[in-house]
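Please look at the sequence and the structure together before reading on. The paragraphs below lead through charged pairs, paired strands, a core and a surface patch, in that order.

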Amino acid sequence: MKRTIIASTLFSLFMAHAAVANEQSVSEETAELRKIIKQQQETLKQLERRLDENEQRLEATADAIEVPASQGSGNILGGVTVGGYGELHYNNLTDNDNDTDKKEIDFHRWVLFFGKEFNSTTRFFSEFELEHSLSGEGKDGEVELEQAYIEHDVNDQFSFKAGVFLIPVGLINETHEPPTFHGVERNPVEKNIIPATWWEGGVAGNFEAAPGLSFDAAIHSGLDVSEKGSYKPRDGRQKVSEAAADDLAFTGRVKYTAIPGLELAASAQYQQDITQSDATTDEASATLLTAHAVYQYQNFTLKALYATWDIDGDEAEALGRDEQDGFYIEPSYQFTDEFAVFARYNEWDNNAGNSDDTEISQTTVGISYYLHEDVVFKADYEKQSDAKDIDGFNLGVGYQF
């Protein structure tokens, strides 16, 4: 009995000691947890302070960007947008009639865009270009201001612009960044007949009559062929450099894009005298008519364009240049996002008014490889025949941003 009492007493003492020890252990663990929680709370407070500081910096940066340029310092670019494009060409061509070669590498164009949106209805756009890498006396290149105009939206349907702008004719005159067209060089029909790239100074309006139906009209400086006397449209471009404006030109265009994948457009331009009333040359009125179609079905695209000049002047008629015309047709297929092939048949004649065989035809086939939708490598083979016998290949790389 005594042994039982002693054992019971010892067991009770042991359990009491264990309870005390357990209480101490729990207390120590609780204290440790409280210490950890306190440290985490301090860390969170520090993170919140850093987030608040970063948010304040971001808001200050956003405010600086939104500050109008007219307010001077405190803004990054004053809301100005910057873009551009460029293209490097390698030409390896042989003129079989004259037994001459054209083998050269040329950074053909380096262009920067600068734009500014003043508000939701008024904006500025410009394009500054360096051709052939070098400009100046005795150099091959030129520095040119191709666009610089203010555009204003009167309402949802009508907008107008004033300044230096690209004439609304043809396919590539307004859109000619390297990733937007196939072939290393721009097509010769729009180059020699239209003539792209072609810009003038004046005013122009655009009217969206209905979804997919628009009209353009412009009054602007015109051609002046009096200096060279060639009556070739390309030789008459004044490029808005102290341009003679005795006779302005008028351009209109209608464009239809209401059917997905289809674009149809036609334009007309009239100038009363493309010699700008020069006393040493005969007065010559000139009318340009163009029409083009673009049809895209899935990965297949077909483009076609026609352009013709009617020049009413004795000297132009004597040169056979009272009529000048040309056309091209271009099918292409985009196999993947990176790889496309194309073929183009071009035919043009700057002397269509005479009875001589002066027509030039050119067939071009090639590939376009896109590292990115805005970066393209190009390769093509071309052959000119009829009035000229030239063949060879071209390589190029182009970009836009």
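A salt bridge, as the term is used here, is a side-chain nitrogen of Lys or Arg within 4 Å of a carboxyl oxygen of Asp or Glu. The model is a predicted one, and a search through the whole of it finds 11 salt bridges. One of them is formed by Glu87 and Arg109, whose closest N and O atoms are 2.8 Å apart. This pair links distant parts of the chain, since Glu87 belongs to strand β1 (residues 80-95) and Arg109 to strand β2 (residues 100-117), with the two partners 22 residues apart. Are these two partners buried or exposed? Glu87 has a relative accessibility of 2% and therefore counts as buried, and Arg109, at 10%, counts as buried too, because the word applies to residues under 20% relative accessible area.

Another salt bridge brings together the side chains of Asp153 and Arg123, at 2.6 Å from N to O. Asp153 lies in strand β4 (residues 142-153) and Arg123 in strand β3 (residues 122-131), so that this pair ties together parts of the chain that are 30 residues apart in sequence. With a relative accessible area of 22%, Asp153 is partly exposed. Lys383 and Asp389 also form a salt bridge, and here the closest N and O atoms are 3.5 Å apart. Both partners are partly exposed, Lys383 at 35% relative accessibility and Asp389 with a relative accessible area of 26%. Salt bridges that share partners, moreover, join Glu87, Arg109 and Glu129 into one network.

From the charged pairs we can turn to the way in which some of the strands are arranged. Strand β8 (residues 249-256) and strand β9 (residues 262-271) pair in the antiparallel sense over eight bridges, and within this pairing Phe250 stands opposite Tyr270 in β9. The two strands form a hairpin with five residues between them, and Gly261, which is in the turn, has a positive phi of about 90 degrees. Strand β9 is also joined to β10 by 10 bridges, the two running antiparallel, and there the bridge partner of Leu264 is Ala293 in β10.

What, then, makes up the largest nonpolar core? This core has 29 residues, and those with the most contacts inside it are Trp198, Tyr231, Ile274, Leu305, Trp309 and Ile311. Strands β10 and β11 each supply at least two residues of the core, and β11 gives the most, with four residues. When its neighbours within four places in sequence are left aside, Ile311 is in contact with a set of residues that includes Tyr231, Ile274, Ala284, Arg321 and Asp322. In soluble globular proteins, nonpolar side chains tend to be buried together.

The elements that give two or more residues to the patch are β10 (285-297), β11 (300-312), β12 (323-334) and β14 (360-372), and the largest share, three residues, comes from β14. Tyr295, which is found in strand β10, has a relative accessible area of 39% and is partly exposed.

Conventions. Residues numbered from 1 in each chain as written. Predicted model: local features only at pLDDT ≥ 70, side-chain atom pairs only at ≥ 80, totals over all residues. Heavy atoms only, no water. Buried < 20%, exposed > 50% of the residue type's maximum accessible area, 1.4 Å probe, protein only. Pairing = 2+ DSSP bridges. Core = buried A, V, L, I, M, F, W, Y, C linked by side-chain atoms within 4.5 Å. Contact = heavy atoms within 4.5 Å.
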